[in-house]
Amino acid sequence: MTGAAAASDEALIDRVQSKDENAMGAIFDRYATMVYSVALRVLKEPAQAEDVMQEILLQVWNRPDRFARGRGSLGAWLAVVARNRAIDVLRQRRPTESCDEVVLASATNLASEVEQRAMMEKVRGVMNELPEEQQRSVELAFFEGLSHSEIAARTGDPLGTVKTRIRAALTSLRRGIEA
Amino acid sequence: MTNGHISQEDLTLHAMQALSQKEDAAVRSHLDQCATCRADLAFVVGDLALVALSAERTPLPAGARARFLEIISSTPANASGRALGAAIPIDRNPVRSRAIWIPWVAVAALFVIAILLDVQVQRLDARLKIETERTAQLTATTAHAQEVLDVLTAPTAQRVLLTAPKTPPAPSARAVYLAARGALILEANNLAQVAQDKTYQLWVIPADGSAPIPAGLFRPDAAGNASVVLPPLPVGVAAKAFGVTMEKASGAATPTAPILLAGAVSASGE
């Protein structure tokens, strides 16, 4: 590991703005696996998932200013952007939103492999505790990219119930992580 | 909407791109003007990041890092990096002298694109015509084949065997010869007419290989029939065959080719 590996995300982004390839390499080492894993979970196709991962990290390289301070944790931001881009690929459509639009409030620190794994285990533990229908609704919406009406059609539940389940699942998830 | 703001449920669905287009447009419109809902949305997106983190970690494909580093090494330092669908920054205070060429470039680009599209349309049109003609040909061929099949298999069809009309009967002759008496009778039919200065001549071909013996001149009647009855012949000459040639009107001492009619004596003597 270089000195960049221990630097904060913000410091690495600053260096990337100066086209420091070592800093970009450090960001890659820090988040590429997570981004790839999210894309793969959605797409189930390694080549497509790698394309999404490369595309997103290339955007960080080309436009590091997009991840302005105040957008939240870089790792969490990348995870959401990866999911959204993978859903676009899954639906075979052009990107529906710019990375600029993704702003999140999250203090989750994912800067190390250990922290990422710990968070993954914790999230999975909370998810497994959710009522099955809530868990299923969230997974259909988040990882399979179904709209709430598509989920309702698939599960046979009313639209309002689907909405409530998804919101309730996310609320439970946040509380479970903060606990 | 709840209390003039977007519900948490709809914010969640918006963040997951799970609303209908119409619903999503309404949410976006509100978000543009409502800082409270934008803040709420940021929390929702933070929650979604947690869901994303539930994905099982999978190692990168071999060589992924090297491929990525190669890409960024080859990316120009001043690359704008504008990705598909990314927001295009708008210069609110454009410097006219610097940007005045931009519309002309855009017009030129549109012109080129229009030409390319026109060429493409023409190609597609030509191809469509070819395919249409081919389809029409196939349809006609199929219809014709079906019609043929219908005629061949129709139970009420009349079936008639046609043959070539009769050809003119071939000239022929039948000879009856009694060597012991030197007697010969020939009956010929369907003979072609001969010119005034020509005649048919009958020949006996001896079995011993000696020269053919003239056995009479004859001309056919209007119906092509003719006969030679008991011409003067030597007695006791065994015959191998008989022949008819065309000779001058006074006849000939030896036959002139071609032999028009010929018949060999069979072993049984017939």
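**A strand hairpin and salt bridges in a predicted complex**

In chain B of this predicted model, strands S1(B) and S2(B) form a hairpin with four residues between them. Gly182(B) sits in the turn and has a positive phi of about 65 degrees. The two strands run antiparallel and are joined by seven bridges. S1 covers residues 172–178 of chain B, and S2 covers residues 183–189. Within this pairing, Val176(B) stands opposite Ile185(B).

S2(B) also pairs with strand S5 of chain B, residues 226–229. Four bridges join them, and the strands again run antiparallel. Here Ile185(B) stands opposite Val229(B). Val229(B) belongs to S5 and is exposed, because its relative accessible area of 54% lies over the 50% limit. Val176(B), Ile185(B), Val229(B) and Leu230(B) together make a nonpolar surface patch of about 370 Å².

From the N terminus on, the order of elements in chain B is α-α-α-α-α-α-β-β-β-β-β-β-β. Chain B has 270 residues, of which 27% count as buried. Its accessible surface comes to about 18300 Å². Carbon and sulfur atoms account for 62% of that surface. Among contacts in chain B with a separation of 6 or more, 56% are between residues 24 or more positions apart.

The mean pLDDT is 82, and 87% of the residues reach 70 or more. Over residues 78–98, however, pLDDT stays under 50. The model has 20 contacts beyond four places in sequence for this segment. Where pLDDT is low, predicted coordinates should not be read in detail. For the complex, the predictor gives an ipTM of 0.83 and a pTM of 0.54.

Side chains of opposite charge can pair when their charged atoms come close. One such pair is Glu56(B) with Arg124(A), whose closest N and O atoms are 2.9 Å apart. Glu56(B) lies in the loop between helix H3 (35–52) and helix H4 (64–74) of chain B, and Arg124(A) lies in helix H5 (residues 113–129) of chain A, so this pair joins two chains. Both partners are partly exposed: Glu56(B) at 43% relative accessibility, Arg124(A) at 28%.

A second salt bridge links Arg154(A) with Glu144(A), the closest N and O atoms being 3.4 Å apart. Arg154(A) is in helix H7 (residues 148–155) of chain A, while Glu144(A) is in the loop between H6 and H7. The two residues are ten apart, and the pair links distant parts of the chain. Glu144(A) is partly exposed, with 28% relative accessibility. Elsewhere in chain A, Glu55(A), Arg85(A) and Asp88(A) are linked in a network of salt bridges.

In chain B, Asp24(B) forms a salt bridge with Arg28(B), with the closest N and O atoms 3.0 Å apart. Both residues lie in helix H2 (residues 21–33), four residues apart, or about one turn of the helix. Asp24(B) is buried at a relative accessible area of 15%, whereas Arg28(B) is partly exposed at 28%.

Helix H6 of chain A (residues 132–142) contains Gln135(A). Gln135(A) is buried, because its relative accessible area of 18% is under the 20% limit. Leaving aside neighbours within four places in sequence, Gln135(A) is in contact with Met127(A), Asn128(A) and Leu130(A).

Key: Residues are numbered from 1 along each chain as its sequence is written. Chains are lettered from A and ligands numbered from 1 in the order in which they are written. This is a predicted model: local features need pLDDT of at least 70, side-chain atom pairs count only at pLDDT 80 or more; totals for chains, interfaces and linings use all residues. Side-chain values use heavy atoms; hydrogens and water are left out. pLDDT is the predictor's confidence in each residue, from 0 to 100. Contact means heavy atoms within 4.5 Å. Two strands pair if DSSP finds at least two bridges between them. Patches are made of residues with over 30% relative accessible area and no salt bridge: like charges are joined within 9 Å, nonpolar side chains (Val, Leu, Ile, Met, Phe, Trp, Tyr) within 5 Å. Accessible areas come from the Shrake-Rupley method with a 1.4 Å probe; for residues, only the protein chains shown count as cover. A salt bridge is a side-chain nitrogen of Lys or Arg within 4 Å of a carboxyl oxygen of Asp or Glu. Buried means under 20% relative accessible area, exposed over 50%, partly exposed in between (1.4 Å probe, protein chains only).
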